[in-house]
Amino acid sequence: MSLRKSALYTALGAVAFLSLTAATVSPVNDKFFEIMKAIEVYTNVYKEVNTYYVDEIEPNKLMRTGIEAMVGSLDPYTNYISETDVETARLRQSGQYQGIGAEIEYIDGLPTILTLYRDQPADDAGLKTGDRLLEIDGRETVGYNREQLEEIMRGFPGTVMDLTVDRPGEGLKKLQLTRGDVDIPNVPYAGMLENGVGYVALTTFTQNAAQNVRDAVAKLRAENPDLAGVVLDLRNNGGGLLNEAVDIVNIFVPKDELIVTTKGKVRDWNRSYSTKGNPLDTELPVAVLINGRSASASEIVSGALQDLDRGVLIGQRSYGKGLVQNIMETGYGSRVKITTAKYYIPSQRCIQAIEYRNGKPYDIPDAQRPEFKTRAGRTVLGSGGVAPDIEVDVLGKNNVAQGLLEEYIIFDFVNEWVRDHPTIDSVADFHFQDWDRFETFLNRADFSFTSKAEQLLEEAAERAAEEGYDITADLAAIQERVDREQAAAIAGLKEEIIDIIEKEIAGRYYYQRGQVQMGLRNDTEVQEAIAVLNDRQRYDDLLSK
């Protein structure tokens, strides 16, 4: 027996002895025994597999598989980081590795440019929204996941990346992209809306986000003495730096106000974050727009303003990301990122909306969510993101419309439309008038959103076939009727779909700023915000009930 194994058995024996002789069994010792036992079993299994498995084993690969399976059973944010991954992260943190200034999404298995940012490396290289990346420096992208794609795209500023792209309607193109710094504004647009209401869009909580929002609000106040209120748009904002979130709340609430607390198993790591500076304006009415993609820092800002009865929330329930991660050293240059705490906002409710059971998400039903009180005594629910004070339905709540978005039908249509229109009018003057062309595109694309009812029908047909029944004709008749219903549903959503198309088109010609401006013109949530900010009685009632 090795000295190491002997020492392990000695430790186990000592724990067993303590457990047997103690007057009261210690939960700590019990847990220690279970940990030591589990480690020994894991080590023994690893040793036996490595010794006797029929094929050669790669020790590092086998161990990483075990580690990743272990942390993968907890939540998506607890991850093992190998020595190689650590080096990649170090490159990024040092500022020597940059992105390309574009959002990429996998569509039909290929990385596709979803959004371009003006005057960034991807834009300068001549990439277009809708381009599909086929090769990067001679390596095919088929089968690569997002992490692998980032691996082959990373590099130092000034180095060149050779790209082969498939541009819809135009075919293959060879492009060269020079890597460089990416500077995407976190406040792409601020300005005045109707009836004396100001508007500020915040897309991410990067450095100086709070100062940029403060400057925008200050400018709106200075240029509009009778400012009725301000709309802070946090829709689709996935979060970012915690300190920026606290400082943004500080624009509207006084100094020394508790905004967020982190609490976990290790009490010494618990932290509280309060406002530190003087506010810009504690009286100006505020409306915050949120939706299902508003997460983390966005939820801290919106939730804190709601808990302190300092602003009205409008839109849909936020995502519910309230977990804190820390990175620990694990030897030989590797790390493990562990969820160590949860965020709690002023009412002391947690914004985390999902529990993880064996690594799988589980939505917490409203009936099981605890109740909390805002400063004015309003009831709010915990463990479920942040719910708006005024809920506004969105197009995506309709199954057919959701299919148009999820299957990138509108995205593909706009790719085609833009090819035939080199320029458009200004955002204020442009109006989409090609609805017939869109309907033709739908027919050509053979769009058919498979609803849950259709899925059940298909399953019934398969079961019937297995039992010897042929219901193909019946199913075809039902499918024909469903297709008619879907066409009618799309026609009934014409105005809303045109709004989305116009916003997508504006983004192609005028980038992020144009997309925001077009969205404002057609935005029901913005219109609701304007209405409530111009009705002080309604605004005050919402914050006191």
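Predicted model: local features only at pLDDT ≥ 70, side-chain atom pairs only at ≥ 80, totals over all residues.
I started with helix H8 (residues 242–250) and helix H9 (residues 297–307): their axes come within 9 Å and cross at roughly 25 degrees. That makes H8 roughly parallel to H9, a label for angles under 35 degrees. Axes here are lines fitted to C-alpha atoms, for helices over the stretch in contact, with angles from 0 to 180 degrees between N-to-C directions. Helices are DSSP runs of H or I with at least four residues, strands are E runs of at least two, and both are numbered from the N terminus.

Residues are numbered from 1 along each chain as its sequence is written, and side-chain values use heavy atoms, leaving out hydrogens and water.

Which residues meet between H8 and H9? I found Leu242, Ala245, Ile248 and Val249 in H8 meeting Ala297, Ile300, Val301, Ala304 and Leu305 in H9 (contact means heavy atoms within 4.5 Å).

Next I looked at an open sheet of 6 strands, ordered E8-E9-E10-E13-E14-E21 with mixed pairing. Strands E8 (189–192) and E21 (390–391) are at the edges with a single partner strand each, so one side of each has no neighbour in the sheet. Pairing takes at least two bridges found by DSSP.

Inside the sheet, I saw E10 (residues 229–233) and E13 (residues 286–290) pair in the parallel sense over 4 bridges. Leucine 232 has valine 288 in E13 as its bridge partner. Helix H7 (residues 209–223) packs on the sheet, touching E8, E9 (197–201) and E10.

Note on methods:
Parallel < 35°, antiparallel > 145°, perpendicular 65-115°, else oblique.
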